[in-house]
Amino acid sequence: MIRLEGITKSFDGKDGPVSALDGIDLSVAKGEIFGIIGSSGAGKSTLVRLINLLERPTGGDVFVGGERVTDAKGERLRNLRRSIGMVFQHFNLLSARTVAGNVAYPLELTGQYGKYEIAERVSQLLARVGLTEYADKYPRQLSGGQKQRVGIARALACEPQVVLCDEATSALDPQTTGSVLDLLREINRDLGVTIVLITHEMDVIRRTCDRVAVLDRGTVVEQGTVVDVFLHPRHPATLKLVREAEPDGGWLETAAAADLGGRTARLTFTGPTAHKPILGRIARENLVDYGILAGRVGHIRETPYAQFIVSLSGRDVAGAIAGLRASGVDVELQRDADEFPPVGMQLSERALHVV
Ligand SMILES: Nc1ncnc2c1ncn2[C@@H]1O[C@H](COP(=O)(O)OP(=O)(O)OP(=O)(O)O)[C@@H](O)[C@H]1O
């Protein structure tokens, strides 16, 4: 649906050009929810604005729906922008227009619809975002979550194939964030709209997206399914974002890591294996014990997961590892006991030392 090839973008700064993006290659498939995550200044907004050509790349090409649009102008550019809705962090609603007037605005701009057609479409859109009763209110009379629902209805007005969300939930409290993310998922499921969502919060990605790209200083440092990137973060920028998403409900760590003397392994249970009583059976069959050094359990969208870093010791450690793998557990082994990082190092950094 969207393909970025070799994208570079630099801006004129007062001390010469400032590079915002450097060699980006990305593809977003039709109908998926694709997340782009990175810390402040990583280049997320610039990247998302290149997709609807609010910014033009310095180098490389942008493809939408299989068509190269890098140099699109005039009517072609207007059509492209109509096929791509956008949702903004600070809603960008017109304060002098009612809720209905805001949603009608992009339809009016096309000059292609009559008054009654617009009224009909607006009422369908407001029903979809749950704001039918608010049609005649003004933005100042709405909560943040309601304003963002208006923003989403407006983004859908021209029946786009793609919706770009630029930090759409960053100005909202956690509960409202949840309901706006649910709405985006519903729209994706019901209308088949492709969604590209940029955020600095891993939790937004975990709850919403199918795939994710991690942006760091203008380059994509990691990309893949959310399950893989979230459970097996490899780049330091990703590790940092994952840890930020789990302030206390995530990794539970113990200090005795180096003293247990066993084989250190990271065990990941996802999907159907997440709740199965596998560990005890394997321990009994192979006469092994587990010292749990760290752990986290939760969901990535609907997929349950559990992940532990354990020290394995006892009679048949190799047999236990084979048994875990045969039961569908992903087992990553620390390469060499001497490589185990000092106690006190973050366990997610330790995770880099496993193979
Ligand atoms: N119009 C511009 N002129 C000059 N530099 C710019 C411009 N827009 C972005 N930049 C620079 O490009 C880099 C990437 O900025 P961008 O806004 O894309 O990052 P971001 O990841 O969206 O950050 P944030 O989350 O803080 O919005 C930054 O160094 C920024 O200062």
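This is a predicted model: local features need pLDDT of at least 70, side-chain atom pairs count only at pLDDT 80 or more; totals for chains, interfaces and linings use all residues.
**Entry 1: the domains**

I started with the overall layout. Then I checked where the two domains touch: 6 residues of domain 1 are in contact with 7 residues of domain 2. Which elements of domain 1 give two or more residues to that side? They are helix 7 (202–208) and helix 8 (226–231).

**Entry 2: the ligand shell**

Next I went to the ligand. There are 13 residues around it, and the ones that come nearest are Phe-11, Ala-20, Ser-40, Ser-45 and Thr-46. I wanted to know which elements they sit among. Strand 1 (2–13), strand 2 (16–28) and helix 1 (44–51) each bring at least two residues to the shell. Which of the elements gives the most? It is helix 1, with 3 residues. By class, I noted 8 polar, 4 nonpolar and 1 charged residues in the shell.

**Entry 3: helix 3 and helix 4**

A reminder to myself before the helix pairs: two packed helices are described by the angle between their axes and the distance between the axes. Helix 3 (residues 99–110) packs on helix 4 (residues 115–128) at an angle of about 125 degrees, and their axes are 9 Å apart. Because of that angle, helix 3 counts as oblique to helix 4. I put the crossing of this pair down as right-handed. On the helix 3 side, the contact is made by Val-99, Ala-100, Val-103, Ala-104, Leu-107 and Glu-108. Helix 4 answers with Ile-118, Arg-121, Val-122, Leu-125 and Leu-126. Sorted by class, this contact has 9 nonpolar residues, 2 charged ones and no polar ones.

**Entry 4: helix 5 and helix 6**

I moved on to helix 5 (residues 144–156) and helix 6 (residues 174–191). They pack at an angle of about 20 degrees, with 10 Å between their axes. Oblique or roughly parallel? Helix 5 is roughly parallel to helix 6, because angles under 35 degrees count that way. Helix 5 passes helix 6 in a right-handed crossing. From helix 5, I listed Gly-144, Gly-145, Gln-148, Arg-149, Ile-152 and Leu-156 in the contact. From helix 6, I listed Thr-176, Ser-179, Val-180, Leu-183 and Ile-187. The classes here come to 5 nonpolar, 5 polar and 1 charged.

**Entry 5: helix 10 and helix 11**

My last pair was helix 10 (residues 278–286) with helix 11 (residues 317–326). Their axes come within 9 Å and cross at roughly 145 degrees. I checked the handedness, and the crossing of helix 10 and helix 11 is right-handed. Which residues of helix 11 meet helix 10? I found Gly-319, Ala-320, Gly-323 and Leu-324. Facing them in helix 10 are Ile-278, Ile-282, Glu-285 and Asn-286. This contact divides into 4 nonpolar, 3 polar and 1 charged residues.

Key
Residues are numbered from 1 along each chain as its sequence is written. A residue is near a molecule or strand if its C-beta atom, placed from the backbone, lies within 6 Å of it. Helices (H or I, at least four residues) and strands (E, at least two) are DSSP runs, numbered from the N terminus. Ala, Val, Leu, Ile, Met, Phe, Trp, Tyr, Cys and Pro count as nonpolar, Asp, Glu, Lys and Arg as charged, and the others, Gly among them, as polar. Axes are lines fitted to C-alpha atoms, for helices over the stretch in contact, and angles run from 0 to 180 degrees between N-to-C directions. Angles under 35 degrees count as roughly parallel, over 145 as roughly antiparallel, 65 to 115 as roughly perpendicular and the rest as oblique. A crossing is left-handed if the near helix is turned anticlockwise from the far one by less than a right angle, and right-handed if clockwise.
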